[in-house]
Amino acid sequence: MVYDREKNHPYWEVAHVDEEGNKFYGVCFDAEAFVYWLNNIRFGKRKKVARLLVTPNKTPNKKINF
C-alpha cells in the first residue's frame, strides 16, 4: 500500500515537524505515479491495465479523472 510507512518510495513528503523535531509524513503523488502503481504493483503480474491519455483518439473503456 502506498500509505505503508515501511514501504520506501519517492512519494513521501514531510507534512509536519513538531516542536521536538519529530517529522510526520504524508503521501503526495500525481497521475503518473498512480498509473505506475496500477501497472507495476496492483496488477504487476498481468498486462498493463492503465495509461495516461492527454487527448484520447477514441473513447476509453474506463476512465478515472485524477
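## Terms and basis

In the class counts below, Ala, Val, Leu, Ile, Met, Phe, Trp, Tyr, Cys and Pro are taken as nonpolar, Asp, Glu, Lys and Arg as charged, and the others, Gly among them, as polar. The model is predicted: local features need pLDDT of at least 70 and side-chain atom pairs pLDDT 80 or more, while totals for chains, interfaces and linings use all residues. Residues are numbered from 1 along each chain as its sequence is written, and side-chain values use heavy atoms, with hydrogens and water left out.

## Largest pocket

A pocket is an open set of points on a 1 Å grid over the protein atoms alone, where a 1.4 Å probe fits, with protein on both sides within 12 Å along at least five of seven lines; its lining residues have an atom within 4 Å of a point. Volume is the space filled by probe spheres set on the points, which are joined across faces, edges and corners.

The largest pocket has a volume of about 860 Å³. Its lining comprises 13 nonpolar, five polar and five charged residues. Of the 23 lining residues, Arg51, Leu53, Pro60, Lys62 and Lys63 lie nearest the centre.

## Second largest pocket

The second largest pocket holds about 270 Å³ of space. It is lined by 13 residues, with Val2, His9, Tyr11, Trp37 and Ile41 closest to its centre. By class, this lining has ten nonpolar residues, two polar and one charged.

## Phe24

Phe24 counts as partly exposed because its relative accessibility is 43%, between the limits for buried (under 20%) and exposed (over 50%), computed with a 1.4 Å probe on protein chains only. Beyond its neighbours within four places in sequence, Phe24 contacts (heavy atoms within 4.5 Å) Glu13, Val14, Ala15, His16 and Asp18.
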